[in-house]
Amino acid sequence: MSSALTIHHLRRSVSERVVWLCEELDIPYNLKSYDRELPDLAAPEEYRKLHWAGTAPIIEDGGMVLAETSAVFEYILTKYANGRLSLPPTHPQYGDYLFWLHRANGTTQPGLITLMFSRLSGNSKEDIGTRVTQRRVDENFEAMDARLAKFPYLAGDEFTAADCMSVFSLTTLRLFNPYSLEPYPNIVKYLERISQRAAYKRALAKGDPGLEPVISAHAPENTVW
Ligand SMILES: N[C@@H](CCC(=O)N[C@@H](CS)C(=O)NCC(=O)O)C(=O)O
């Protein structure tokens with residue numbers, strides 16, 4: 001079915017989150033998928049021409065072209081969700097919802113990417129940037145694990161867009177930065193629950209056919225680099 005909304009999805013990338021969000025919302029969209037290119041696993045030129053940012057995700061809606069996951073999420077949630085997958089300001093867990101929604105792209109994902117490039121550059125784990133980032137990432141996972149010991153989802157009792165924002169950094173990203181989740185049993189149980197969601201399965205099947213959800217506690221061995 002043709003729709004006004006098009007998701008330009010770079011396979012094995014954060015744009016997986018947008019495909020999943022639309023599947024959870026059950027809204028119609030056109031999916032255009034692209035592969036990364038060697039040697040840097042960058043988006044292809046065709047993709048980079050869509051928006052000056054050149055990074056996934058990019059969506060089009062009517063004549064509008066939008067990049068940056070947080071902006072894309074806000075756009076889709078505001079325009080198409082009719083209140084679904086977010087909590088209203090009157091909800092007691094509204095603050096938690098906002099925190100985890102924004103924590104994903106504000107801190108978790110940039111921290112993990114910094115560690116990935118640090119490792120690929122051969123930096124010592126004792127370099128100040130690596131050391132400080134590793135501490136922040138560890139603290140982040142400890143807090144996330146403690147949260148998920150008390151609640152089934154990051155916002156709390158309900159599955160929300162905060163989960164759709166956060167899961168990539170815990171799963172597919174580990175193909176690029178293969179870290180272990182063994183110290184965080186509640187995160188691992190959470191990923192098991194997430195992987196059972198029909199919309200998550202559909203999103204991976206459509207956007208990244210053949211990709212097994214990276215939900216095991218140990219660091220994956222079949223990495224991309
Ligand atoms: N903060 C940005 C980060 C986007 C980003 O770095 N996307 C990566 C995929 S995980 C990308 O497009 N890489 C390919 C490239 O830089 O050419 C967002 O969430 O939209």
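Predicted model: local features only at pLDDT ≥ 70, side-chain atom pairs only at ≥ 80, totals over all residues.
A crossing of two helices is left-handed if the near helix is turned anticlockwise from the far one by less than a right angle, and right-handed if clockwise.

Residues are numbered from 1 along each chain as its sequence is written.

Helices here are DSSP runs of H or I, at least four residues, and strands are runs of E, at least two, numbered from the N terminus. Axes are lines fitted to C-alpha atoms, for helices over the stretch in contact, and angles run from 0 to 180 degrees between N-to-C directions.

Let's start with helix 5 and helix 7. Helix 5 passes helix 7, residues 185-195, in a left-handed crossing. Their axes come within 7 Å and cross at roughly 65°. On the helix 5 side, the contact (C-beta atoms, placed from the backbone, within 7 Å) uses Phe141, Met144, Asp145, Leu148 and Ala149, and these meet Asn186, Ile187 and Tyr190 of helix 7. By class, that is 6 nonpolar, 1 polar and 1 charged residues. Nonpolar covers Ala, Val, Leu, Ile, Met, Phe, Trp, Tyr, Cys and Pro; charged is Asp, Glu, Lys and Arg; the others, Gly among them, are polar.

Now, what is the angle between helix 4 and helix 5? About 140°, with the axes of helix 4 (residues 94-120) and helix 5 (residues 128-150) 9 Å apart. That makes helix 4 oblique to helix 5: under 35 degrees is roughly parallel, over 145 roughly antiparallel, 65 to 115 roughly perpendicular, and the rest oblique. This crossing is left-handed as well. The contact includes Leu112 and Leu115 of helix 4 and Val137 of helix 5, and its classes are 3 nonpolar, 10 polar and 1 charged.

Finally, the ligand. The residues around the ligand, meaning C-beta atoms, placed from the backbone, within 6 Å, include Ser13, Glu68, Thr69 and Asn105. The shell divides into 6 nonpolar, 5 polar and 1 charged. Thanks, all!

Technical notes. Contact = placed C-beta atoms within 7 Å.
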